[in-house]
Amino acid sequence: MKKNLKLLVVAGARPNFMKIAPLLWCIRAHNNSTVNGEVKIDCKLVHTGQHYDAQMSQVFFDELGIPAPDFNLEVGSGSHAAQTAEIMKRFEPVCAAEKPDWLVVVGDVNSTMACTLVASKMGTRVAHVEAGLRSFDRTMPEEINRIVTDSLADLLLTPSEDAGVNLHREGVADSKIRCVGNVMIDSLMANLNKIDSSSILKKFGLEDGKFIYVTLHRPSNVDEAASLGTIVKELTAIAGHWPVVFPVHPRTRKRMEDFGLLPKENSGMKLLGPVGYQESLALTRHARCVLTDSGGLQEESTYFRTPCLTLRPNTERPVTITIGSNQLTDVTRLRADLEKVLKGGEKIGNIPPLWDGKSAGRIVQSLIDSN
Ligand code: UD1
């Protein structure tokens with residue numbers, strides 16, 4: 001008889017929660033349907049506390065039905081080194097005591113890399129969900145996290161074929177790679193009914209297809225006064241004739257305040273605090289266009305076939321461009337690119353293969369098969 005499978009699943013920051021939720025649902029369903037002699041999964045959840053505000057964390061637990069974490073490391077914010085070190089220090093005793101068969105990490109945030117480092121050095125196998133994505137831009141902290149995590153991981157679960165190609169190029173053995181599709185789309189599809197009943201459009205006086213949904217938080221866009229100033233200027237110009245709704249990430253709000261760049265009340269821009277998961281999906285689905293630097297929103301807009309302009313020189317998610325509704329832009333052509341979309345010159349695209357709501361099932365099966 002095969003022994004039960006013991007997993008430690010890690011989440012730390014906002015974009016992690018919609019990636020772990022389908023895994024936890026799937027593990028629960030698996031355990032409920034196993035009969036005598038089949039492998040059961042013992043799964044514990046670690047929240048590193050990298051994100052801690054209710055609107056950056058708890059709201060996702062509530063909306064996605066994620067159980068309270070078994071361990072909350074409460075690391076909070078800090079420089080990259082301080083935050084990574086703190087996660088490692090606090091995660092090490094948890095990993096040592098639990099001795100899981102697999103550590104499961106998702107995405108590319110500091111928590112992903114920090115826990116991977118700890119587990120690998122203890123001889124614990126690591127499964128990385130969303131492996132193989134590359135922007136080829138090492139000025140992005142996430143790119144460093146992706147490279148380190150993938151080079152240490154024992155099972156690399158990729159969202160799309162291009163990710164496998166990247167891993168092969170880096171010399172990762174084919175036997176370690178499984179193309180499982182995009183697990184975030186599992187969460188999205190499970191929430192389709194709920195976003196139809198979301199009241200966010202009404203709450204902010206927005207009409208279906210008649211607003212631009214903006215999210216920006218990348219250090220490269222918001223950490224320097226010059227680039228953030230130009231972005232705010234361009235958005236204010238657009239907001240003069242098209243409704244712009246902009247839920248502001250805490251990093252971005254802090255920079256706007258520090259640089260004296262908070263748009264004025266009468267600028268036409270609707271500045272909100274961070275919105276919850278279903279509200280963000282509703283805004284993405286019903287926007288005329290999304291303007292973002294978030295990885296997740298590039299994928300969600302592709303699913304909804306909402307035109308997306310990504311304010312970055314590159315993306316680690318090229319299928320959102322080659323197949324989906326995404327295109328890159330920069331501040332010098334942002335206004336022209338937006339005007340083109342608003343006039344009907346949009347790119348609609350298709351949904352990439354294996355973005356079908358069944359990725360968590362493939363991930364769980366891969367873990368059982370690799371045990
Ligand atoms: C992190 C991830 C990034 C992800 C983003 C999603 C890394 C390197 N970066 O960036 O990949 O796209 O999350 O949001 O892991 N803060 C709060 N409340 C919170 C969390 C943060 O106010 O709950 C503020 C703090 O001032 C903090 C700043 O936001 O210093 C940045 O937070 P941090 O987690 O360091 O990076 P993010 O920009 O959120």
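**View 1. Phe 17, Phe 60, Phe 61 and Tyr 277 form a cluster linked by ring pairs.** Rings of Phe, Tyr and Trp (its six-membered ring) pair if their centres lie within 6.5 Å. The model is predicted: local features need pLDDT of at least 70, side-chain atom pairs count only at pLDDT 80 or more, and totals for chains, interfaces and linings use all residues. Residues are numbered from 1 along each chain as its sequence is written, and side-chain values use heavy atoms, with hydrogens and water left out.

**View 2. Tyr 303 and Phe 304 make an edge-to-face pair.** The count comes to 4 aromatic pairs. In the pair of Tyr 303 and Phe 304, the ring centres are 5.7 Å apart and the planes stand at 85°; planes under 30 degrees apart count as stacked, over 60 as edge-to-face and the rest as tilted. Tyr 303 has a relative accessible area of 15% and is buried (under 20% relative accessible area; exposed is over 50%, partly exposed in between; 1.4 Å probe, protein chains only). Phe 304, at 13%, is also buried.

**View 3. The largest cavity has a volume of about 60 Å³.** A cavity is a set of points on a 1 Å grid over the protein atoms alone where a 1.4 Å probe fits but cannot get out, and lining residues have an atom within 4 Å of a point. Grid points are joined across faces, edges and corners, and the volume is the space filled by probe spheres set on the points. The lining includes Lys 19, Val 129, Glu 130 and Met 184.

**View 4. The second largest cavity holds about 30 Å³ of space.** Among its lining residues are Lys 6, Asp 42, Cys 43 and Pro 100.

Technical notes: On a 1 Å grid over the protein atoms alone, a cavity is a set of points where a 1.4 Å probe fits but cannot get out, and a pocket is an open set with protein on both sides within 12 Å along at least five of seven lines; lining residues have an atom within 4 Å of a point.
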